[in-house]
Amino acid sequence: MAVLQARDISKSYGGVTALSNGTISVEAGSVHALLGENGAGKSTMVKVLSGTIRPDAGTLTLDGKPVAFNDTFDAVRHGVAVVSQELNLFPDLDVLANLYPVRKPLRGPFLDRRAMVEAAQPILASLGLDVDLRTLVRDLSLGQRQLVEIARALIAQPRVLVLDEPTSALDQDGSDRLLGILQVLRDRQVGVVFVSHILEEVMQLCDVITVLRDGQAVLEGADRSTLSIDDIVSAMLGPRPERETAPPPPSVSRGEQSRELRLDGVSVEGVMSEVDLRVSAGEIVGVAGLAGAGHLAVLELVAGLRRPAHGTVRLPGDRPVPRGLRRAIAAGVAVVSGDRRGRGLMLDQPIWENIGQVRAIGLSRDGVIVRRSVLRERARGHVERLRIRCRDIEQRTGLLSGGNQQKVVLAKWLDAAPAVLLLDDPTRGVDVGAKAEIHDLIRAAAADGAVVLLASTDVEELAMICHRVLVFHRGKVAARLSGDDLDQHAIVRISNTGERQ
Ligand SMILES: Nc1ncnc2c1ncn2[C@@H]1O[C@H](COP(=O)(O)OP(=O)(O)OP(=O)(O)O)[C@@H](O)[C@H]1O
Ligand SMILES: [Mg+2]
């Protein structure tokens with residue numbers, strides 16, 4: 001019998017149907033993948049399972065008996081813990097306080113801080129999270145916050161653990177550790193619900209699969225071993241006109257030095273040393289490496305977020321990089337990050353205002369007043385092209401699903417037609433269909449004359465859309481891959497070993 005079951009769940013927000021008759025049954029000792037496109041209803045289902053929202057219709061049962069959780073704390077008391085997509089931590093409290101939001105160990109009337117630390121330590125170690133427990137959560141990186149939220153759920157020793165895109169903020173090491181932990185929990189008869197857009201990890205980890213499409217389960221508790229990735233993708237996308245296979249990036253005529261991005265002998269103390277790089281307009285160049293390898297510093301240097309200790313960085317047109325992100329943006333540098341906190345969206349504002357924001361700022365600086373009707377019209381085009389799932393462009397951006405918010409970020413930068421496009425994991429949390437369209441848009445931006453620099457934890461993405469990839473190892477460029485040498489295995493191998501062969 002299912003431990004936890006949500007049956008025939010419906011939920012609408014205004015005119016938008018998030019779930020319609022969706023069902024999921026969680027069994028003990030099994031990992032259940034909950035999949036679907038951006039906006040398909042996954043997070044809404046997670047919120048129903050964890051008591052964050054009440055459905056309009058349908059029933060939730062625990063051990064076969066109807067239940068209604070008042071909130072997530074109540075769910076935890078019933079043995080159901082959730083790791084939400086939009087992290088739910090108290091930024092102004094320290095790590096330890098965040099780990100024990102409800103059930104605090106007591107010694108007499110006092111908090112037993114020592115017992116709290118002792119219980120937390122092995123769990124944090126297993127997740128590979130090495131921070132002082134007195135650190136305030138707001139001082140942690142996104143990945144560390146994600147691990148704190150996972151640790152909090154594990155400390156509660158739930159019978160059912162629900163994780164909404166837990167790996168989208170983690171690096172490879174963090175993801176691997178988490179998948180290992182979930183396997184252990186399964187052996188201990190915990191029921192796990194796992195939401196992810198990374199189908200390889202789903203295939204590796206999960207036992208059963210439910211796919212939501214437009215709020216309905218089109219696959220319900222299907223045995224993973226009977227399905228291929230293609231089967232799952234078809235279920236997610238549904239009948240849709242066949243996409244042509246993506247064209248390779250157009251070749252670039254080199255030369256025209258004035259339109260190059262140039263790094264000459266650039267070093268950043270303790271991060272990278274002696275890096276030379278030239279990227280022409282029209283070229284897509286990838287930077288790869290393990291966490292801390294130094295590749296991300298390239299993006300930070302070009303964005304004006306870091307200054308080199310030695311060497312020079314010149315923007316196209318042989319211009320210096322202005323100090324600070326704002327001025328870099330004014331100089332035509334766009335920074336798209338898949339990091340949820342770094343999105344810089346105005347969540348209370350309508351979608352069209354977010355999409356038009358960068359361009360409007362740029363133009364109004366030149367004394368041009370952009371008519372709202374023009375911004376709206378352009379926004380409509382982006383919404384259609386990127387398939388941003390929304391009621392209309394007047395909708396508050398904060399009401400979009402996570403992946404659709406990411407598409408708005410991309411739209412707003414592309415709308416500004418930047419000279420340099422810096423992309424850091426631009427398709428994190430984005431579904432497979434949208435990913436392919438985003439790749440096309442990146443190619444189109446390059447074809448229009450942008451210099452594109454791409455960092456991605458998705459090596460397949462790097463191998464697929466880049467003309468060249470620089471692989472970093474311990475702060476140095478270990479290899480420059482292009483043509484036949486450029487494939488994902490080479491990227492992974494060199495990132496790990498620093499050796500070409
Ligand atoms: N509070 C809300 N108000 C209005 N609409 C909402 C609200 N929450 C969700 N929606 C809408 O419900 C639909 C389902 O959203 P949900 O967050 O469940 O998608 P998801 O499958 O988790 O997508 P993603 O992969 O992007 O995270 C979306 O169209 C979303 O815009
Ligand atoms: Mg979601």
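Tutor: Happy to; we will go from the ligand shell to the metal ion and then to the residues behind them.

A word on reading the model: it is predicted, so local features need pLDDT of at least 70 and side-chain atom pairs count only at pLDDT 80 or more, while totals for chains, interfaces and linings use all residues. Residues are numbered from 1 along each chain as its sequence is written, chains are lettered from A and ligands numbered from 1 in the order in which they are written, and side-chain values use heavy atoms, with hydrogens and water left out.

Let's start with the shell. Ligand 1 is surrounded by 21 residues, where a residue counts if one of its heavy atoms lies within 4 Å. The closest are Gly39, Lys42, Thr44, Ser401 and Gly403. By type, the shell holds six nonpolar, eleven polar and four charged residues; here Ala, Val, Leu, Ile, Met, Phe, Trp, Tyr, Cys and Pro count as nonpolar, Asp, Glu, Lys and Arg as charged, and the others, Gly among them, as polar. Ligand 1 lies between domain 1 (4-237) and domain 2 (256-497), because both give residues to its shell; these bounds come from an automatic or database domain assignment.

Now the individual atoms. Gly39 places a backbone N or O atom 2.7 Å from an oxygen atom of ligand 1, and a backbone N or O atom of Gly403 also lies 2.7 Å from a ligand oxygen. From its side chain, Gln85 brings an N or O atom to 3.0 Å from an oxygen atom of ligand 1. Taken alone, the ligand exposes 640 Å², and the protein buries 91% of that (Shrake-Rupley areas with a 1.4 Å probe; for residues, only the protein chains shown count as cover). Strand 2 (16-26), helix 1 (42-49) and helix 13 (402-415) are the elements that give two or more residues to this shell. Such elements are DSSP runs numbered from the N terminus: helices are H or I with at least four residues, strands E with at least two.

Next comes the magnesium ion, ligand 2, coordinated at 2.1 Å by Ser43 (OG) and Gln85 (OE1). Donors are N, O and S atoms within 2.8 Å of the metal (3.2 Å for Na, K and Ca), and sites may look incomplete because water is not among the atoms. This pair links distant parts of the chain: Ser43 sits in helix 1, and Gln85, 42 residues apart from it, in the loop between strand 6 (80-83) and helix 3 (95-99). Ser43 is buried at 18% relative accessibility, and Gln85 is buried at 8%. Buried means under 20% relative accessible area, exposed over 50%, and partly exposed in between, with a 1.4 Å probe and protein chains only. Helix 1 itself is mostly covered, with seven of its eight residues buried.

Finally, look behind Gln85. Its side chain makes a polar contact of 3.0 Å with that of Glu165, and a 3.3 Å contact joins the side chains of Glu165 and His197. A polar contact is a pair of N or O atoms within 3.5 Å; within protein, one must be able to donate a hydrogen and the other to accept it, and residues adjacent in sequence count only if both atoms are side-chain atoms. Glu165 lies in the loop between strand 9 (160-164) and helix 6 (172-187), is buried at 5%, and has a positive phi of about 50° although it is not a glycine.
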